Structure formats: structure tokens, C-alpha cells
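Hi,

Here is the structure I promised to pass on.

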Amino acid sequence: MTVVRALARPLLSVIFVAQGVSAVRNPEPLVPKAQPVTDRLVPLVKKAVPAQIGDRIPESTANLIRLNGAAQVLGALALATGRGRRLGATVLAASLVPTTLAAHAFWQEDDKEAKALQRYQFMKNLGLLGGLLLAAVDTEGKPGVAWRATHGAKAAKRETKRGAKAAKREARQLAHDAKAAARLAKAELHLG
């Protein structure tokens, strides 16, 4: 791991640990802003997932906030420590979307200053989301599975062509050697 990654991951994670712990401990102040988002999001998620999972999704907005906060803490710790870093970044990115929509809905603000502040916070979260998406796909300079699969197939095809060319050369050489041996044998018969 490079020094940049060793520093960047914990720096990117720290806000999510603080925010997540706060949400788990005291979700009530967040309920009024989260309620409109959870009221729309929970039914959609319950329809999209299997019934066994959908039945376990809490109905209470406070419990959903706690769940989101716990996901943020766990994702942030995974990202910061490097253990499960890509999954942690993905979890954080997923948890950031409803958080941003609920907490920074600048389009609903009437006051000009409040709207500007919420727009700024919304854009900050978009920047965090971009960083998390980069962290989620970061392979630390090693080729990812998709790259290995396509390049492995290309390498196998290339090696197959090389093998076929080598086999053709070998066959031509054997045929040439066989003809030469036949000519030599014929010449020996005529001499002998």
C-alpha cells in the first residue's frame, strides 16, 4: 500500500465514523428531515428485495437512521483499516445517497442563505461520493478481475496462435527432413 492510500483512506473515513456514531446514539434530531425520504424509499426497497429481507427492514425512521449510522461506522472502519476496503467504500457510497437526499435537500429551501448552504453541503457530499466510488474500484495498482479475464483470454488466444505457428513450422521441418531422408535413401539404393 502506498503512503497516499494509507493516509487517504482514514481521512475519507473519519467523517463517516463521527456521523455514524452520532446517528446511532441520537437519531431523533435527524428524523424530521429523514422521514420524507424513508417514507418513499422503504416501500421501494421492500418491493425490490426478497420477502425474507424485506420483512426485516425497520419501519421506524429512527431505527433506519440507526441502521444507516451503523453501516457508516462499519464501512468507514473497513475502509480506514484496509480490511474489506472496497466493500466498505461501497457501503459508504450506498449510505451516503439517502443521507444526502434527506439532509441536504436544497431544492426545498425557501431562504436564500439556507438554500446556498444546503447546496454547498449537497455538493460536498457529491465529492465524497466520488472519492468513495474511486476507493470502491481501487485495486491498488493490481489488475482487477475484469482486466485479468479479458487480458487472460487475449493472452491465451495469442499463445494458441503461437503454438499453431510453431506446430506448422515443426510439421514443415519434419516433412522437409523426411523428403531429404527419402532422397538420401534413394541415392544410396542407386549407388549400392
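Before the numbers, one definition: an axis here is a line fitted to the C-alpha atoms of a helix over the stretch in contact, and angles run from 0 to 180 degrees between N-to-C directions. Two packed helices are described by the angle between their axes and the distance between the axes. Keep in mind that this is a predicted model.

Let's start with helix 1 and helix 6 (residues 112-137): their axes are 11 Å apart and the packing angle is about 120°. Helix 1 and helix 6 are therefore oblique to each other, and the crossing is left-handed. Which residues touch? From helix 1 it's Leu12, Ile15 and Phe16, and they meet Leu128, Gly131, Leu132 and Ala135 of helix 6. Sorted by class, that contact has 6 nonpolar residues, 1 polar and no charged ones.

Now for helix 1 (residues 3-25) with helix 4 (residues 61-81). Their axes come within 7 Å and cross at roughly 155°. Angles over 145 degrees count as roughly antiparallel, so helix 1 is roughly antiparallel to helix 4. This crossing is left-handed too. On the helix 1 side, the residues in contact include Arg9, Pro10, Phe16, Gly20 and Val24, while the helix 4 side includes Ile65, Arg66, Gly69, Val73 and Ala80. By class, the contact of helix 1 with helix 4 has 14 nonpolar, 5 polar and 2 charged residues.

Cheers

Note on methods: Residues are numbered from 1 along each chain as its sequence is written. This is a predicted model: local features need pLDDT of at least 70, side-chain atom pairs count only at pLDDT 80 or more; totals for chains, interfaces and linings use all residues. Side-chain values use heavy atoms; hydrogens and water are left out. Helices (H or I, at least four residues) and strands (E, at least two) are DSSP runs, numbered from the N terminus. Angles under 35 degrees count as roughly parallel, over 145 as roughly antiparallel, 65 to 115 as roughly perpendicular and the rest as oblique. A crossing is left-handed if the near helix is turned anticlockwise from the far one by less than a right angle, and right-handed if clockwise. Contact means heavy atoms within 4.5 Å. Ala, Val, Leu, Ile, Met, Phe, Trp, Tyr, Cys and Pro count as nonpolar, Asp, Glu, Lys and Arg as charged, and the others, Gly among them, as polar.
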